[in-house]
Amino acid sequence: MVNLGADRRSYRGVEQHMILGFYYKNGLLFFFCLQGLIFAYLLVRKGIKHDNAPSKWLSLFVFLCSLYLMPWMFGHANWYAKDGFRDFLFFAPLHQLFLLGPVIYAYTRALLNPNFSLKGQEWWHFAPAIAYGLYSLVVFITDVFILDQYWFYADGRDKDLAPWYQICGLISMVTYAGLSVRYYFRYRRLAVQELSYADSVRFSWIKRYLIVFLFVLLLRLSFLIILPEWGSFGLKFWYYLCFAILTYYIALEGYTNTVESLVPVRDSGLDFHAGSRSPVNATEHLVSPPVKEDSSVKLARVTTQKQALEQLMQEQALYRNPTLTLTEVAQALGTHSRQVSRLINQGFAMNFNDYVNQYRVAAVKDSFQRGEQTERTLLGIALDCGFNSKTTFNRVFKKVTGQTPLKYLNTLDARKSNIES
């Protein structure tokens, strides 16, 4: 890095013309940096227009990634060797490493929980970033306005590229990437307990961007090990180019993908949202008594509860509703959704999604027995029995019966032929 020298450069304005030499390295980074800024603007405009919190969080993430590229982009244009320009790169905190992790975590939570907002102690996630911002401000005021000589920048090195900051920033991003992945998988586990159509709820975009973000961190860790001196340029360009391409992918796909959260949750343990619970009315036969029970009494109670639930599913054919939720079943029984979930888990040894799907598959098999497949399409029968897509129907039917619908029909026809002969 170029040493700033002993004399302080005051901020009287830049006397030189701003010259950005376009070489292939900084030209490529400039393209992706500009695209990032454009998408950051488009995302925040979308977020404000549609009151969409995920778009706002993604906008901030993409904006921070664009800032992240600037030291290398301007460095390859020799800005570190020019007065004024060099001062801008040194004093502007362009690498907000303590912000990237919390922002991507907030984006994940906002995608999966429409009720998500930062409250109270949640702001402590941003404490390291605030502390580093204050540190950068102290450096700027001290070296520019208080001292006649540079003190913090006496070594002529950009503090954003200090090894301690880069390593701590990487640890922060790895930590929040892990929290984001855990949140995503906990949501998926919750979906099969709450939704009868969880098979069709895959949130492929969330999975893709988390994989990309994890790949970015792996790439960063590899370069940190191979080239530990982050103040040098050289081969680090290829890391920044890969980072730019992957960030551009997240920005582009994130702008075009809209994810709707289907399970009402709250962040403390991803429990069911309080407003989704069914009020308890006169039908209290499914509510567990607070007193301790012996095994025979407990078995009798569970048996009664199971019979009540099966009777409800068969008589009202709730499974034919393609968007049936656990909350709706609990409301029909007049009890809490958690109680019904516990009954299905313990009494039937399955989750809510599988429990409802077994009724749907049974209804499809009944239709096949009646020969409805000769007058209607398989998809039409599946939709009438509660499935919401052909893909989900085929996957669930094979999971339950061990055969595809067509193979099952062929076996059924062969069995009928043997009986007739």
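Predicted model: local features only at pLDDT ≥ 70, side-chain atom pairs only at ≥ 80, totals over all residues.
Q: Great. Which residues touch the most other members of the largest nonpolar core?
A: Trp 57, Phe 61, Val 62, Leu 69, Tyr 107, Ile 206 and Tyr 209 do, in a core of 79 residues. A nonpolar core here is a set of buried Ala, Val, Leu, Ile, Met, Phe, Trp, Tyr and Cys residues joined through side-chain atoms within 4.5 Å. Buried means under 20% relative accessible area, exposed over 50%, and partly exposed in between, with a 1.4 Å probe and protein chains only.

Q: And which helix gives the most to this core?
A: Helix 2 does, with 13 residues. Helices are DSSP runs of H or I with at least four residues, strands are runs of E with at least two, and both are numbered from the N terminus.

Q: What does Phe 61 touch?
A: Leaving out residues up to four places away in sequence, Phe 61 touches Leu 100, Val 103, Ile 104, Phe 213 and Ile 250. Contact means heavy atoms within 4.5 Å.

Q: How many residues are in the second, separate core?
A: That one has 33 residues, including Val 340, Phe 348, Cys 385 and Phe 393.

Q: Switching to rings: how many aromatic pairs are there?
A: The count comes to 48. Rings of Phe, Tyr and Trp (its six-membered ring) pair if their centres lie within 6.5 Å; planes under 30 degrees apart count as stacked, over 60 as edge-to-face and the rest as tilted.

Q: How about Phe 90 and Tyr 153, what are the numbers there?
A: They are stacked, at 4.9 Å centre to centre with 25 degrees between the planes. Phe 90 is in helix 3 and Tyr 153 in the loop between helix 5 and helix 6, 63 residues apart.

Q: Is Phe 90 buried or exposed?
A: Phe 90 is buried, with a relative accessible area of 2%, and Tyr 153 is buried at 2% too.

Q: Why is the pair of Phe 98 and Tyr 165 called edge-to-face?
A: Because the planes of Phe 98 and Tyr 165 are at 85 degrees, with the ring centres 5.3 Å apart.

Key:
Residues numbered from 1 in each chain as written. Heavy atoms only, no water.
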